[in-house]
Amino acid sequence: MFKKNKVEDGVTEEVVMAALSTVMDPELHKDLVSLGMIRDVKIDGGDVTFTIVLTTPSCPLKGVMQKDAEKALLPISGVERVHIKWDSNVPADLRIGGQMGKHFRNTIAVSSGKGGVGKTTISVNLAIALAQDGSRVGLLDADILGPNVPLMMGIEKMPPPRNQKLIPAERFGVKVISMAFMVKPDQPLIWRGAMLHSAINQLLSDVEWGELDYLVIDLPPGTGDAQLTLAQVLPLTGSVVVTQPMKVAAADTLRGLKMFEKLDVPILGIVENMSGELFGTGAGKMLAESQNVPYFGSVPLQTAVRVGGDAGEPVIVAHPDSEAAVALREVAGKIAARVSVLTMQKQTPTFIPIEMVG
Ligand SMILES: Nc1ncnc2c1ncn2[C@@H]1O[C@H](COP(=O)(O)OP(=O)(O)OP(=O)(O)O)[C@@H](O)[C@H]1O
Ligand SMILES: [Mg+2]
């Protein structure tokens, strides 16, 4: 049994807040009270109830925070039970700003140095995982020349436009826009430079996106016009870099990663995809370590992933308990947490509620 600290007048809100100000957010490395994350403290006899407002509903470290909060509160005399409610308010990346800032709180590009490594697969499953956790999520298919998102999401067409704005298709809780909706499948797309710029711009600006916590952007492979255009048109919170697990993939991945650094786009981290017996494992972790960026984990090569993509029912929906789906959800949580950290670093002064200052 704990030896309880004595509180003469019973448990008060001040006592609870003081205790919670010793509990750190494991990602942001500040205490929950200074971060303004504690709301609605209620004390009813020995029951202490309060809400923790997370910076993302996909927070992978809820369990740690819950344990730490209990550890801080239960030793107080009079506290018998701790009830935590969870809420979230995804902070906005202030760099986005302007018209785009009204729609997108955070923008996450998914990229790779070369083709076929699983960008679209990661993009659709990431978007769905974030939406399943409760965020408002959009998915922009920025692969203008080879748009695959609609196929993998099982979407055939968009709703009709309204007030001269495009209305995104919606499936699995995700708002989706793709060039594939606007052209016939057998129509070759030969666009370069200025046209590509205007196409990507339209898909961002002429769309009724509403307000989104995250816009996930599926990029074409490599280091070409589309990446450049996107970075010019829309401030990116960061880029997730997808790599295959074999060592020979590392050089291409590194090229892709360096291009984003040149464009001043933060690297969120690296995901290794298609790990297992066939392609091995290791390039993702090795690259992340050598480049000093986070490693989000590896997604195994599994038939269910390919089948899910072909059938328009991504693995995270079709087989939520498969090894790949579990890995994809874990990756999504880590990406969301990393986005929170980057976004909070840019705006800490304005996030602290006035009453907490001083
Ligand atoms: N972990 C995995 N296990 C099995 N199949 C996978 C996995 N990841 C992706 N695939 C399959 O590999 C193929 C290529 O994946 P995907 O289209 O996502 O790659 P991409 O990087 O977007 O390609 P591109 O560069 O052409 O845009 C798809 O058929 C997809 O279903
Ligand atoms: Mg793709």
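In this predicted model, a polar side-chain atom of Lys-119 lies 2.6 Å from an oxygen atom of ligand 1. Thr-121 also reaches the ligand through its side chain, where an N or O atom is 2.6 Å from an oxygen atom of ligand 1. Pro-300 takes part through its backbone: one of its backbone N or O atoms lies 2.9 Å from a nitrogen atom of ligand 1. Taken on its own, ligand 1 has 630 Å² of accessible area, and the protein covers 82% of this area.

The surroundings of the ligand may now be considered as a whole. The space that ligand 1 takes is the largest pocket. Around the ligand there are 17 residues, and those that come nearest are Gly-116, Gly-118, Lys-119, Thr-120 and Thr-121. Sorted by class, this shell consists of 7 nonpolar, 7 polar and 3 charged residues.

Which elements each supply at least two residues of the shell around ligand 1? They are helix 4 (119–133), strand 10 (267–275) and helix 10 (303–311). Helix 4 gives the most, contributing 3 residues to the shell.

The next topic is the aromatic rings. A pair of such rings is described by two quantities, namely the distance of the centres and the angle of the planes. In this structure the count comes to 1 aromatic pair. Its members are Phe-104 and Trp-209, whose rings are 5.8 Å apart from centre to centre, with 70° between the planes. The arrangement is edge-to-face, because planes over 60 degrees apart are counted in that way.

Where in the chain do Phe-104 and Trp-209 lie? Phe-104 belongs to the loop between helix 3 (98–103) and strand 4 (107–111), while Trp-209 belongs to the loop between helix 6 (193–205) and strand 8 (214–218). The pair therefore ties together parts that are 105 residues apart in sequence.

Definitions and conventions. Residues numbered from 1 in each chain as written. Chains lettered and ligands numbered in written order. Predicted model: local features only at pLDDT ≥ 70, side-chain atom pairs only at ≥ 80, totals over all residues. Heavy atoms only, no water. Near = heavy atom within 4 Å. Polar contact = N/O pair within 3.5 Å; in protein donor to acceptor, adjacent residues only side chain to side chain. Areas by Shrake-Rupley, 256 points an atom, 1.4 Å probe, with all protein chains shown as cover. 1 Å grid on protein atoms, 1.4 Å probe; cavity = no way out; pocket = protein on both sides within 12 Å on 5 of 7 lines; lining within 4 Å. Sits in = over half its atoms within 2 Å of the grid points. Helix = DSSP H or I, 4+ residues; strand = E, 2+ residues; numbered from the N terminus. Nonpolar A, V, L, I, M, F, W, Y, C, P; charged D, E, K, R; others polar. Phe/Tyr/Trp six-rings, centres within 6.5 Å; stacked < 30°, edge-to-face > 60°.
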